[in-house]
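Reader: I am new to this structure. Could you take me through it, one topic at a time?

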Amino acid sequence: MSLAEEREEGEYERAPKRFKTAEAEEGEDLEEGEDSDSASAGLIGDVEDVPVPGGDKRAHWSTSKCGSRGKDSGDDAHRIAPSPVVHVRGLCESVVEADLVEALEKFGTICYVMMMPFKRQALVEFEGLESADKCVACGTSEAVYIAGQQAFFNYSTSKRITRPTNSDDPNSGNKVLLLSIQNPLYPITTDVLYTVCNPIGSVLRIVIFKRNGIQAMVEFETVQNAQKAKAALNGADIYAGCCTLKIEYARPTRLNVIRNDNDSWDYTKPYLVRREQGKGRQRQAILGEHPSSFSDNGYGSHCPLLPLPSNNRYKRGSHDIPEVVAYPLPQTSSYIGHSSSSVAMVSGLHPTKMNCTRIFNLFCLYGNIEKVKFMKSVPGTALVEMGDEYAVDRAITHLNSIKVFGKRLSVCVSKQHAVIPSQVFELEDSTSSYKDFSMTRNNRFTSAGQASKNIIQPPSCVLHFYNVPPCVTEEELQRLCSEHDVPGYIKFKVFDAKPCSKTISGLLEFDSKTHAVEVLTVLNHYQIRIPNGSNPYTLKLCFSTSSHL
């Protein structure tokens, strides 16, 4: 998350509580659950709190230009000084940068746009303060629609959107874009990115790398093509509900590609073919090639369509490409022989509070866990073997650099391709340094149907709990936190259960994201026993789509 995004998040944490729309309340009830009566996946969306249109609340978090502040007139702590940067909230899921430009350019020249897709928010930097004034004032006095949905506006706490380098200025002549793929449920290859980008402007070279999640650089033929692609694709999903693109201008002005394969391609040099796997000596494989995972198309069904903006200026021409581009289905077989590993290396682990089970509790949200092993030679470091390399990619995307028990985790792809139970020793909490989880029922991606129910979420301060016996009270859950020496929650909400349901579910809000992560790490899969009950209930936790209660 950039500095500007962190500031904006803090800004709204300080703001007074606002009312929720009816749609938001319904969205909360659609959290994932283990109960078969729970709502199907795909209906679950982010819950956004929006101000009441026309009310004092919205006037409160704009300036005095936009109307009376009513009861809040005495509270100057939340007044935000005018800024050329406007914070936009309440965007629909399908919105892209071009939609914001089209809706807001009437207020003045737009210098830069930063999309925050998972928050349904964006930052828009205008050339002058007067343009930002017009935008905020208009949003206060009347409804402003972006991509068919009403949006809400406030001044940002930043005076300028932070850009990585001067090359972020389109006028600098940079034609290389940096694409960050968020929530990458399916394989991202050069073929996929070429199919996404080339209809908008001619692509020369693509390089994919996986240092911090999945990122790629795409070099276009011209700067104008790069500008069009950024506007048309920034904030869009490659596949429905996942593989979300966040696009910035890259630092290099030209890419150097040495071979053409799944991770890099120079479309001006088709002769740079990858080496044949048959060349050289290889170890004999006992069972031959890898099996495909679950089904030919990955986890569950999806809709691989990305509608392009209706504005023709973002296309080459109406006769060149269709209104909707059909993308290739994610094929696991295309990654056979890929250099990635299904083993993640996790360092920065707390020496006394982390063990194999707690690593499983956290990492199982992003894919099946096969084995976990702490490294004796490197204290505070463990290897986590997951179901496939895409699970590792998801874990890196969402868990790298988070804080757990006061230490910042570092998650990266391991050079190892399997976890071998060698040099097993006793950890400081007297548990084993190695554990096999391949047969546990707590893995959440063991079938296509089960995997499709999982909504991959980054860590947040709200946890969704489910599979809890109805007799458990709010006080008992709070006591459970206290007994295990983890932070207690500040807000509690239980969803209305159907009469036939044998379990309940709900939401727990914590003071911070770090507190929520620690509670999930310790209490996920905790066995709840009830009097006269034959079998215990397994408490299940995951990060919620709600930002707060």
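**Salt bridges and a sheet**

Author: This is a predicted model. The side chains of E97 and K230 form a salt bridge, with 2.9 Å from N to O.

Reader: Why does the pair tie together parts that are apart in sequence?

Author: E97 belongs to helix α4 (residues 97–104) and K230 to helix α7 (residues 223–233), so the bridge ties together parts 133 residues apart in sequence.

Reader: And are E97 and K230 buried or exposed?

Author: Both E97 and K230 are buried.

Reader: How many salt bridges does the count come to?

Author: The count comes to six salt bridges. Another of them joins the side chains of E219 and K175, at 3.9 Å from N to O. E219 sits in strand β8 (residues 214–220), while K175 is in the loop between β5 (149–155) and β6 (176–182), so this pair ties together parts 44 residues apart in sequence.

Reader: What about burial there: is E219 buried or exposed?

Author: E219 is buried, at a relative accessible area of 1%. K175 is partly exposed, with a value of 23%.

Reader: Which residue does D266 meet in a salt bridge?

Author: The side chain of D266 meets that of R205, with 3.1 Å from N to O. D266 lies in strand β11 (residues 264–266) and R205 in strand β7 (residues 203–209), so far as the chain is concerned distant parts that are 61 residues apart. D266 and R205 are both buried.

Reader: Which residues do salt bridges that share partners join into one network?

Author: That network consists of K175, R205, E219 and D266.

Reader: Changing topic: what order do the strands of the open sheet have?

Author: The six strands are ordered β9-β10-β6-β8-β7-β11, and their pairing is antiparallel. At the edges are β9 (237–239) and β11, each of which pairs on one side only. From one strand to the next, the twist averages 25°.

Reader: What holds paired strands of a sheet to each other, in general?

Author: Strands of a sheet pair through backbone hydrogen bonds, in a parallel or an antiparallel manner.

Reader: How many bridges join β6 to β10?

Author: Six bridges join β6 to strand β10 (residues 242–249), and the two strands run antiparallel. S180 stands opposite K246 in β10.

Reader: Last one: which helix packs on the sheet?

Author: Helix α6 (residues 190–197) packs on the sheet and touches β6, β7, β8, β9, β10 and β11. The direction of α6 makes about 135° with that of β7.

Methods
Residues are numbered from 1 along each chain as its sequence is written. This is a predicted model: local features need pLDDT of at least 70, side-chain atom pairs count only at pLDDT 80 or more; totals for chains, interfaces and linings use all residues. Side-chain values use heavy atoms; hydrogens and water are left out. A salt bridge is a side-chain nitrogen of Lys or Arg within 4 Å of a carboxyl oxygen of Asp or Glu. Helices (H or I, at least four residues) and strands (E, at least two) are DSSP runs, numbered from the N terminus. Buried means under 20% relative accessible area, exposed over 50%, partly exposed in between (1.4 Å probe, protein chains only). Two strands pair if DSSP finds at least two bridges between them. Axes are lines fitted to C-alpha atoms, for helices over the stretch in contact, and angles run from 0 to 180 degrees between N-to-C directions. Contact means heavy atoms within 4.5 Å.
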